[in-house]
Amino acid sequence: MAHEVIQPEGWAKAKGYANGMKTADNQLFIGGQIGWNGDQVFESHDFIGQMEQALSNIVAVLETAGGKIEDLVRLTWYVIDKKEYLARQAEVGAVYRKVLGRHFPAMTMVVVAGLVEDEALLEIEATAVL
C-alpha cells in the first residue's frame, strides 16, 4: 500500500478530503484542521477556543496514526485576523503549550482573506515523521 487514510474513531466522515494520509515510509500529512469538534460542530466562536480545538484535532489524527507530539515536524497556520493573533500572543502561547507542550516544529503563519468554513477563524495543517 502506498498510503493509508487516517481518520480518528468516532469523527464524522470528511467530505472530499482526508484528515490524514500516512505514507509507506511513515510520513504523516495532516490536512488543515479547524476549530470544530469530531462531529464537525463549532463549540467556540473565539480565536483561542478554535485554536485549542484545531491543535487538539491535529493531536487526535497524529495519535490515530500511532504518532506522538514529538513526531510533528511542521505546522502551517492560516489566520483571518492578524491583529487578533498578535494581540492575544500570551493566550496563544499558553494554549499552544497546553496542547503541544514545549515542542516547536518548523512553523509558517499565513494571513488569508477567508476560509472555506465561514465560522472558522483559523486553520492549521501539520506534517509528522513517525
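The model is predicted.

## Nonpolar cores

In soluble globular proteins, nonpolar side chains tend to be buried together. Here the largest nonpolar core has 30 residues. Within this core, Phe 47, Met 51, Leu 55 and Leu 100 touch the most other members. Five elements each supply at least two of its residues: strand 3, helix 1, strand 4 (72-79), helix 3 and strand 6 (122-129). Helix 1 gives the largest share of this core, with nine residues.

What does Leu 55 touch, once residues up to four places away in sequence are left out? Its contacts are Trp 77, Tyr 96, Val 99, Leu 100 and Ile 124.

A second core is separate and has five residues. Ile 34, Trp 36, Leu 115 and Ala 120 are among them.

## Pockets

Rolling a probe the size of a water molecule over the atoms shows where empty space is left.

| Pocket | Volume | Lining by class |
|---|---|---|
| Largest | about 290 Å³ | eight nonpolar, eight polar and two charged residues |

The largest pocket has 18 lining residues. Nearest its centre lie Tyr 17, Gly 32, Ile 34, Trp 36 and Glu 117. Two of these names return from the second core: Ile 34 and Trp 36 belong to that core and also line the largest pocket. Strand 3 (residues 27-33) supplies the largest share of this lining, three residues.

Which residues line the second largest pocket? They are Met 51, Trp 77, Tyr 85, Gln 89, Val 92, Gly 93, Tyr 96, Arg 97, Phe 104, Met 107, Thr 108 and Met 109. Helix 3 and strand 5 (106-111) each supply at least two residues of this lining. Helix 3 gives the most, with five residues.

## Salt bridges

Side chains of opposite charge can pair when their charged atoms come close. The structure holds six salt bridges.

Lys 98 pairs with Glu 52, and their closest N and O atoms are 2.7 Å apart. This pair links distant parts of the chain. Lys 98 sits in helix 3 (residues 89-100), Glu 52 in helix 1 (residues 47-64), and 46 residues separate them. Lys 98 counts as exposed because its relative accessibility is 59%, over the 50% cut-off. Glu 52 has a relative accessible area of 24%, so it is partly exposed.

Arg 88 takes part in two salt bridges, with Glu 84 and with Glu 91. In the pair with Glu 84, the closest N and O atoms are 2.9 Å apart. The pair with Glu 91 also has its closest N and O atoms 2.9 Å apart. Salt bridges that share partners join Asp 46, Glu 84, Arg 88 and Glu 91 into one network.

Is Arg 88 buried or exposed? Arg 88 counts as buried, because its relative accessibility is 16%, under the 20% cut-off. Its two partners are partly exposed: Glu 84 has a relative accessible area of 24%, and Glu 91 has 36%.

Two residues have a positive phi without being glycine. Asn 26 has a phi of about 65 degrees. Gln 40 likewise has a phi of about 65 degrees.

Where do they lie? Asn 26 is in the loop between strand 2 (20-23) and strand 3. Gln 40 is in the loop between strand 3 and helix 1. Asn 26 counts as partly exposed, at 31% relative accessibility. Gln 40 is also partly exposed, with a relative accessible area of 22%.

How values were computed: Residues are numbered from 1 along each chain as its sequence is written. This is a predicted model: local features need pLDDT of at least 70, side-chain atom pairs count only at pLDDT 80 or more; totals for chains, interfaces and linings use all residues. Side-chain values use heavy atoms; hydrogens and water are left out. A salt bridge is a side-chain nitrogen of Lys or Arg within 4 Å of a carboxyl oxygen of Asp or Glu. Helices (H or I, at least four residues) and strands (E, at least two) are DSSP runs, numbered from the N terminus. Buried means under 20% relative accessible area, exposed over 50%, partly exposed in between (1.4 Å probe, protein chains only). On a 1 Å grid over the protein atoms alone, a cavity is a set of points where a 1.4 Å probe fits but cannot get out, and a pocket is an open set with protein on both sides within 12 Å along at least five of seven lines; lining residues have an atom within 4 Å of a point. Grid points are joined across faces, edges and corners, and a volume is the space filled by probe spheres set on the points. Ala, Val, Leu, Ile, Met, Phe, Trp, Tyr, Cys and Pro count as nonpolar, Asp, Glu, Lys and Arg as charged, and the others, Gly among them, as polar. A nonpolar core is a set of buried Ala, Val, Leu, Ile, Met, Phe, Trp, Tyr and Cys residues joined through side-chain atoms within 4.5 Å. Contact means heavy atoms within 4.5 Å.
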